[in-house]
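Hi,

Here is the model I promised to pass on. Have a look at it first, and then read on for my notes.

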Amino acid sequence: MTARRGSWTMRDVGERAGVSPITVSRALANHASVSPQTRAAVHKAASELGYVPNFTASALSKRGSKLIALLVPNVSNSVFSETINGLNDVLEAAGFALTIAHSGYSAEREERLIRTLLGYRPDAVVLTGFTHTPGTRMLLKSAGVPVVETWNIGPKPIDLAVGFSNFEAGLAMTRYLIRKGHKRLAYHGGTQADNERTRAREEGFRKALSEAGLPMMEPWIRSAPMELASGAELAREVKAALAARKAPQAIFIASDVIAAGFVLEASRIGLRIPKDVAITGFDDTELGQAVTPPLTSVHVPQREIGRVAASLVLQRLRKERVALTAHDLGFSIVPRESA
């Protein structure tokens, strides 16, 4: 069967799976009348072709759906809520609405969500990061709509990218701690599974240590869920290590949420920041500014990422030329009392 872009039909899927178009329709709708074996064969054929069912064909006009699909890793993390607000600032004024899904930091789940969302024929898709399955990339390239990847600048984007260099941010924060005189440094980042952003921050941390000739304290270089509990657990470990004189002098915690959990638990158990250990965060959130001591952090233009992404989507939809495919909005180090 000759490859095509975005024009596969149920008949094509049925021919590949050896069933009728009506069986394809029922299988994709998980109808009880279709056997598990047939359903699996249909889903396999649809995946191989990159076929996406059109759930709203009868409802759409030539003006498009006026929907923009957004996928974020976590809807409870405030850093993404600011990006959502930025997108809304621009899109709502232009008459578009956002439909939002979260992947739970799973590339496989993201692919399933993309397949479903594309079925509603959004006018554009906005993603978080560059880590996607080959299936997701195929679906998006075949969809024929603008695609914007956010929160990083790195490999060649699927279409457009808006963000900052997580590697350079990790490098800059670690250099900051080294200039403060710290020589035993630890790193505690967020979940790295299907998340190239946190991996890049750790790579920046390691680069700074290497160029300064400082040792890698491997047992203290880790990743953890982006939760307050992760920071609390780390604080207890540092408290125990201080007694054994094995604690780091400073910790680059690459998430304000984790770092805030550390500060709260440190206050409870009598761990003094920054006297016993200095810590920094990442994202420069209101939470990080509210804890005592407030966090030294990497400031990221969270809302501006959303605004620029939305503006690029509108430019694409108006058939206007987009001069740059990658837009680096930068970052800054914000010193406060924690380090």
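Contact here means heavy atoms within 4.5 Å. On that basis, residues 24 or more positions apart account for 70% of the contacts in the protein chain with a separation of 6 or more.

Before the details, some housekeeping. This is a predicted model, so note that local features need pLDDT of at least 70 and side-chain atom pairs count only at pLDDT 80 or more, while totals for chains, interfaces and linings use all residues. Residues are numbered from 1 along each chain as its sequence is written, and side-chain values use heavy atoms, with hydrogens and water left out.

**The chain overall**

The secondary structure comes to 12 helices and 12 strands; helices (H or I, at least four residues) and strands (E, at least two) are DSSP runs, numbered from the N terminus. Along the principal axes, the C-alpha atoms fill a box of roughly 70 × 45 × 35 Å. Of the 339 residues, 51% count as buried. For burial I used relative accessible area: under 20% is buried, over 50% is exposed, and in between is partly exposed (1.4 Å probe, protein chains only).

**The sheet**

There is an open sheet of 6 strands, in the order β2-β1-β3-β4-β5-β11, and the pairing is parallel. Two strands pair if DSSP finds at least two bridges between them. At the edges sit β2 (97-102) and β11 (326-328), each pairing on one side only. From one strand to the next, the twist averages 20°; axes are lines fitted to C-alpha atoms (for helices over the stretch in contact), and angles run from 0 to 180 degrees between N-to-C directions.

Going through some of the pairs: β1 and β2 are parallel over 6 bridges, with Leu-67 opposite Ala-97 in β2. Strand β1 (residues 67-72) also pairs with β3 in the parallel sense, over 3 bridges, and there Ile-68 stands opposite Ala-124. On to β3 and β4, which pair in the parallel sense over 4 bridges; Thr-128 faces Thr-150 of β4 in that pairing.

Strand β3 (residues 124-128) deserves a look: 5 of its 5 residues are buried, so the rest of the structure largely encloses it. Both faces are covered, with Ala-124, Val-126 and Thr-128 buried on one side and Val-125 and Leu-127 buried on the other. β3 also belongs to a right-handed β-α-β unit, together with helix α6 (residues 134-143) and β4. Right-handed means that, with the strands pointing away from the viewer, the path from the first strand over the helix to the second runs clockwise.

**Helices**

Helix α1 (residues 10-17) packs on helix α2 (residues 21-28) at an angle of about 95°, with their axes 8 Å apart. That makes α1 roughly perpendicular to α2; the classes are under 35 degrees for roughly parallel, over 145 for roughly antiparallel, 65 to 115 for roughly perpendicular, and oblique for the rest. On the α1 side, Met-10, Arg-11, Val-13 and Gly-14 meet Pro-21, Val-24 and Ser-25 of α2.

Further along, Ala-235 lies in helix α9 and counts as buried, at 0% relative accessibility. Leaving out residues up to four places away in sequence, Ala-235 touches Phe-262, Glu-265, Ala-266, Ile-269 and Leu-271. Ala-235 and Ile-251 are 16 residues apart in sequence and 10 Å apart in space, C-alpha to C-alpha.

Most residues other than glycine have a negative phi, and most peptide bonds are trans. Here are the exceptions I noted.

- Trp-151 is not a glycine, yet has a positive phi of about 75°. This residue is in the loop between β4 (147-150) and β5 (160-163) and is buried, with a relative accessible area of 2%.
- Arg-245 is another non-glycine with a positive phi, about 55°. Its place is the loop between α9 (228-243) and β8 (250-253), where Arg-245 is exposed at 78% relative accessible area.
- The Ile-273 to Pro-274 peptide bond is cis, with omega near 5°. Pro-274 sits in the loop between α10 (256-269) and β9 (278-280).
- Thr-292 and Pro-293 are also joined by a cis peptide bond, with omega about 0°. Pro-293 is in the loop between α11 (286-290) and β10 (297-299).

Cheers
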